[in-house]
Amino acid sequence: MKTFSEYSINTSSEYAQPFHSSEIAVHLLNHTLWLKPGDITCLEGEGNYTFIYTARGKRYLVSKTLKCLSEYLDDSFLRIHKSYIINTGYIAERLEDDRVIRMSCGKEALVSRRKIKEIAVLLDQVDTRIS
């Protein structure tokens, strides 16, 4: 039986895998697609699964929770509901006294009742920074 010191550690670059620290892996039929947070307009949680909506109008299903995926997102993302995280850079319209937010991809995300005032203040700050 070999001792631990007898094993060699191969640090060759041929075994190195790309490190995608801030990108989200979406597994498709025959390959893996890496999504950058800047390409994502919003995320919609459905239990242990999440739909990811992109700026190109695509929708991907990932078998991870919103909480897990939020670790990969930057400060431009905002949790507006237990089922929605939005990218403030892709807000197209605020409807029904800030109760509904329409994204540039066409998806409409609901704001939770408890967060309406807080989200309205934050979005007003984002609007003034953009203008």
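Visitor: Hey, where is E96 found?

Guide: E96 sits in the loop between β8 and β9. Keep in mind that this is a predicted model.

Visitor: Is E96 buried or exposed?

Guide: E96 counts as exposed, because its relative accessibility is 60% and the cut-off for exposed is over 50%.

Visitor: And what is phi of E96?

Guide: Phi of E96 is near 50 degrees, which is a positive value in a residue other than glycine. D98 also has a positive phi, of about 65 degrees, although D98 is not a glycine.

Visitor: Where is the place of D98, then?

Guide: D98 is in the loop between β8 and β9.

Visitor: Why does D98 count as buried?

Guide: Because its relative accessibility is 18%, and buried means under 20%.

Visitor: How many bridges join β8 to β9?

Guide: There are 4 bridges between β8 and strand β9 (residues 100-103), and the two run antiparallel. If you want a pair to look for, E93 stands opposite R102 in β9.

Visitor: Let's zoom out. How many helices and strands does the protein have?

Guide: The secondary structure comes to 2 helices and 10 strands. Starting from the N terminus, the elements run β-β-β-β-β-α-β-β-β-β-β-α.

Visitor: How many residues does the protein have, and what share count as buried?

Guide: The protein has 131 residues, and 34% of them count as buried. As for contacts between residues at least 6 apart in sequence, 37% join residues at least 24 apart.

Visitor: Back to loops. Where does T88 lie?

Guide: T88 lies in the loop between β7 (84-87) and β8 (91-95). T88 is buried, with a relative accessible area of 14%.

Visitor: Which residues is T88 in contact with?

Guide: If you leave aside neighbours within four places in sequence, T88 is in contact with S76, L78, L123 and V126.

Visitor: What about S83, where is its place?

Guide: S83 is in the loop between β6 (77-81) and β7. S83 is buried, with a relative accessible area of 19%. Not counting residues up to four places away in sequence, S83 touches L43, E44, G45 and L66.

Visitor: What separates the C-alpha atoms of S83 and S112?

Guide: A distance of 9.2 Å separates those two C-alpha atoms, while S83 and S112 are 29 residues apart along the chain.

Visitor: Last topic, pockets. What volume does the largest pocket have?

Guide: The largest pocket has a volume of about 150 Å³.

Visitor: Which residues line the largest pocket?

Guide: The lining is made of L33, W34, L35, K36, D39, T54, A55, R56, K58 and Y60. By class, that lining has 5 nonpolar, 1 polar and 4 charged residues.

Visitor: And which strand gives the most to the lining?

Guide: Strand β2 (residues 32-35) gives the most, with 3 residues.

Definitions and conventions: Residues are numbered from 1 along each chain as its sequence is written. This is a predicted model: local features need pLDDT of at least 70, side-chain atom pairs count only at pLDDT 80 or more; totals for chains, interfaces and linings use all residues. Side-chain values use heavy atoms; hydrogens and water are left out. On a 1 Å grid over the protein atoms alone, a cavity is a set of points where a 1.4 Å probe fits but cannot get out, and a pocket is an open set with protein on both sides within 12 Å along at least five of seven lines; lining residues have an atom within 4 Å of a point. Grid points are joined across faces, edges and corners, and a volume is the space filled by probe spheres set on the points. Ala, Val, Leu, Ile, Met, Phe, Trp, Tyr, Cys and Pro count as nonpolar, Asp, Glu, Lys and Arg as charged, and the others, Gly among them, as polar. Buried means under 20% relative accessible area, exposed over 50%, partly exposed in between (1.4 Å probe, protein chains only). Contact means heavy atoms within 4.5 Å. Two strands pair if DSSP finds at least two bridges between them.
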